[in-house]
Amino acid sequence: MTDEPLYTKLGFTDAEWGLLVGLPQSVLTAASVATPDSARKTRHESEAGIDVISDARASASTLVAAVAAQLLSEVGDPELGEEAPVIEPSDPIGYAEDVLGRAAEANALLTAKAEQADAETYKHWLVEIAESVVGAASTGGVLGLGGENVTDDERAFRDDLAKALSD
């Protein structure tokens, strides 16, 4: 006798679950590379996004809590001292477009298969991850002083993500 995976109990196929589990890390990466930064700032952005993902394990949404738990088991759990890899796509614009396409696909999937509260919580969570990442490190300035907190490119990615998740 085998135990049925939680995602099948929630009504998702293996491929659909893979989309939902992979998307938060992809949103984190796309938000981080929207504006090129130093390695230190990129690491800071990544940590901010991982913190939002980690906190979601305590979500009241079964879907969000399960996605967060599985994602962290795959990329590294900060509570165990593990560090998630920093992904640096060779084509940041193409990567962001791909992430937005997958977000729209997830939106349609959630509309069709998830409880409305779970769907809305998941979508809000993805935008929260992007918000956290783009606000984590200023760009420009000298010796950490000045600069833009959120650049136009970062704002555009966050806004495009919110639109992809609301259409």
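Modeller: A cavity is a set of grid points where a 1.4 Å probe fits but cannot get out. The model here is predicted.

Biologist: OK, how many cavities of 30 Å³ or more does a search of the whole structure find?

Modeller: The search finds 1 cavity of that kind. The largest cavity has a volume of about 40 Å³.

Biologist: Which residues line the largest cavity?

Modeller: The lining consists of Gln25, Leu28, Thr29, Ser32, Val33, Thr42, Ser46, Pro85, Val86 and Ile87. By class, 5 of these are nonpolar, 5 are polar and none is charged.

Biologist: Where does the largest share of that lining come from?

Modeller: From H2, which gives 5 residues. Both H2 and H3 supply at least two residues each to the lining of this cavity.

Biologist: How do H2 and H3 pack, then?

Modeller: H2 covers residues 14-33 and H3 covers residues 39-55. Their axes are 10 Å apart, at an angle of about 150°. Angles over 145 degrees count as roughly antiparallel, so H2 is roughly antiparallel to H3.

Biologist: Is the crossing left-handed or right-handed?

Modeller: H2 passes H3 in a right-handed crossing.

Biologist: And which residues meet there?

Modeller: On the H2 side they are Pro24, Gln25, Leu28 and Ser32. On the H3 side they are Thr42, Glu45, Ser46, Gly49, Ile50 and Ile53. This contact has 4 nonpolar, 5 polar and 1 charged residues.

Biologist: What about H2 and H4, at what angle do they cross?

Modeller: At roughly 70°, and the axes of H2 and H4 come within 9 Å. H4 runs over residues 62-75. An angle from 65 to 115 degrees counts as roughly perpendicular, which means that H2 is roughly perpendicular to H4.

Biologist: Which residues make that contact?

Modeller: H2 uses Trp17, Leu20, Val21, Pro24 and Gln25. H4 uses Leu63, Ala66, Val67, Gln70, Leu71, Glu74 and Val75. By class that gives 9 nonpolar, 2 polar and 1 charged residues.

Biologist: Which helix gives the most to the pocket lining?

Modeller: H5 does, with 5 residues. H2, H3, H5 and H7 each supply at least two residues.

Biologist: And how does that lining divide by class, how many are charged?

Modeller: There are 5 charged residues, alongside 11 nonpolar and 3 polar ones.

Biologist: You mentioned H5 and H7. How far apart are their axes?

Modeller: The axes are 8 Å apart, and the two helices pack at an angle of about 25°. Angles under 35 degrees count as roughly parallel, so H5 is roughly parallel to H7. H5 spans 92-113 and H7 spans 152-164. H5 passes H7 in a right-handed crossing.

Biologist: Which residues of H5 and H7 meet?

Modeller: Ala96, Val99, Leu100, Ala103, Ala104 and Asn107 of H5 meet Phe157, Asp160, Leu161 and Ala164 of H7. That contact has 8 nonpolar residues, 1 polar and 1 charged.

How values were computed
Residues numbered from 1 in each chain as written. Predicted model: local features only at pLDDT ≥ 70, side-chain atom pairs only at ≥ 80, totals over all residues. Heavy atoms only, no water. Axes fitted to C-alpha atoms, helices over the stretch in contact; angles between N-to-C directions. Helix = DSSP H or I, 4+ residues; strand = E, 2+ residues; numbered from the N terminus. Left-handed = near helix turned anticlockwise from the far one by under 90°. Contact = heavy atoms within 4.5 Å. Nonpolar A, V, L, I, M, F, W, Y, C, P; charged D, E, K, R; others polar. 1 Å grid on protein atoms, 1.4 Å probe; cavity = no way out; pocket = protein on both sides within 12 Å on 5 of 7 lines; lining within 4 Å. Points joined across faces, edges and corners; volume = space filled by probe spheres on them.
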